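Look at the sequence and the fold together, and keep both in view while reading. The paragraphs below go from the whole chain to single residues.

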Amino acid sequence: MTQDQKTYQAATTEAHMLANDPGAEKAVLAALLANNDFFYSFEEGDDSSLFYDSKSQRIFEAAKTLIQQGTKADLLTIAQYFLDRHDQKDPDPGELVERT
């Protein structure tokens, strides 16, 4: 198991244990954006309900959409995804840096 996989595994375990801990959610999103292959490791599939915070849910959903379309999900592509959608419920792209 690589160090990235260990980090991701620890972050997802922490996220399950501390369901509404923004730090745990941040760690899971950061691991996912650093390595999109982690998307396929989610035990409950691709379920955004793993995240308590609605903005984290939306970031995860954006990453999911991009990954399933074959596009790399990172800060830039997710920011562009939100800009293209023009949905007021989405996080401001500037918040992505703070969230991940």
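What follows is a walk through the helices, their packing and some of their residues.

The model shown here is predicted. The protein contains five helices and zero strands, and read along the sequence its pattern is α-α-α-α-α. Of the 100 residues in the protein, 34% are buried. Among the contacts with a separation of 6 or more, 49% are between residues 24 or more positions apart.

Begin with helix α1, which covers residues 3-17. Asp4 is found in this helix. Asp4 is partly exposed because its relative accessibility is 47%, a value that falls between the limits of 20% for buried and 50% for exposed. Asp4 and Ala31 are 27 residues apart in sequence, but their C-alpha atoms are 7.6 Å apart in space. Ala31 is one of the buried residues of α2.

Between α1 and α2 there is a loop, and Asn20 lies in it. With a relative accessibility of 49%, Asn20 counts as partly exposed.

Helix α2 comes next, with 13 residues. From its first C-alpha to its last, α2 reaches 18 Å, close to the 18 Å expected at 1.5 Å a residue. The buried residues of α2 are Ala24, Glu25, Val28, Leu29, Ala31, Leu32 and Leu33. Some of these names return below, in the contacts of α2.

Two packed helices are described by the angle between their axes and the distance between the axes. For α2 and α3, the axes come within 11 Å and cross at roughly 15°. Angles under 35 degrees count as roughly parallel, so α2 and α3 are roughly parallel to each other. Their crossing is left-handed. On the α2 side the contact is made by Glu25, Leu29, Leu32 and Leu33, and on the α3 side by Ser56, Ile59, Phe60, Ala63 and Ile67.

The loop between α2 and α3 holds Phe51. Is Phe51 buried or exposed? Phe51 counts as buried, because its relative accessibility is 3%. Leaving aside residues up to four places away in sequence, Phe51 touches Glu25, Val28, Leu29, Ser56, Gln57 and Phe60. Of these, Glu25 and Leu29 also belong to the α2 side of the contact between α2 and α3, while Ser56 and Phe60 belong to its α3 side.

The aromatic residues can be taken together. How many aromatic pairs does the structure hold? It holds four. In one of them, the rings of Phe39 and Tyr40 have their centres 5.1 Å apart and their planes at 80°, so this pair is edge-to-face. Phe39 counts as buried because its relative accessibility is 5%, whereas Tyr40, at 59%, counts as exposed. In the pair formed by Tyr81 and Phe82, the ring centres are 5.7 Å apart and the planes are at 65°, so this pair is edge-to-face as well. Tyr81 counts as buried at 17% relative accessibility, and Phe82 is buried with a relative accessible area of 5%. One aromatic cluster is formed by Phe39, Tyr40, Phe51 and Phe60.

The next helix is α4, residues 75-85. The axes of α3 and α4 come within 10 Å and cross at roughly 100°, which makes α3 roughly perpendicular to α4. Which residues make this contact? From α3 they are Arg58, Ile59, Ala62, Ala63, Thr65 and Leu66, and from α4 they are Thr77, Ile78, Tyr81, Phe82 and Arg85.

Ala79 counts as buried because its relative accessibility is 15%. Ala79 and Ile59 are 20 residues apart in sequence, and their C-alpha atoms lie 9.3 Å apart in space.

Definitions and conventions. Residues numbered from 1 in each chain as written. Predicted model: local features only at pLDDT ≥ 70, side-chain atom pairs only at ≥ 80, totals over all residues. Heavy atoms only, no water. Helix = DSSP H or I, 4+ residues; strand = E, 2+ residues; numbered from the N terminus. Buried < 20%, exposed > 50% of the residue type's maximum accessible area, 1.4 Å probe, protein only. Contact = heavy atoms within 4.5 Å. Expected span 1.5 Å × (residues − 1). Phe/Tyr/Trp six-rings, centres within 6.5 Å; stacked < 30°, edge-to-face > 60°. Axes fitted to C-alpha atoms, helices over the stretch in contact; angles between N-to-C directions. Parallel < 35°, antiparallel > 145°, perpendicular 65-115°, else oblique. Left-handed = near helix turned anticlockwise from the far one by under 90°.
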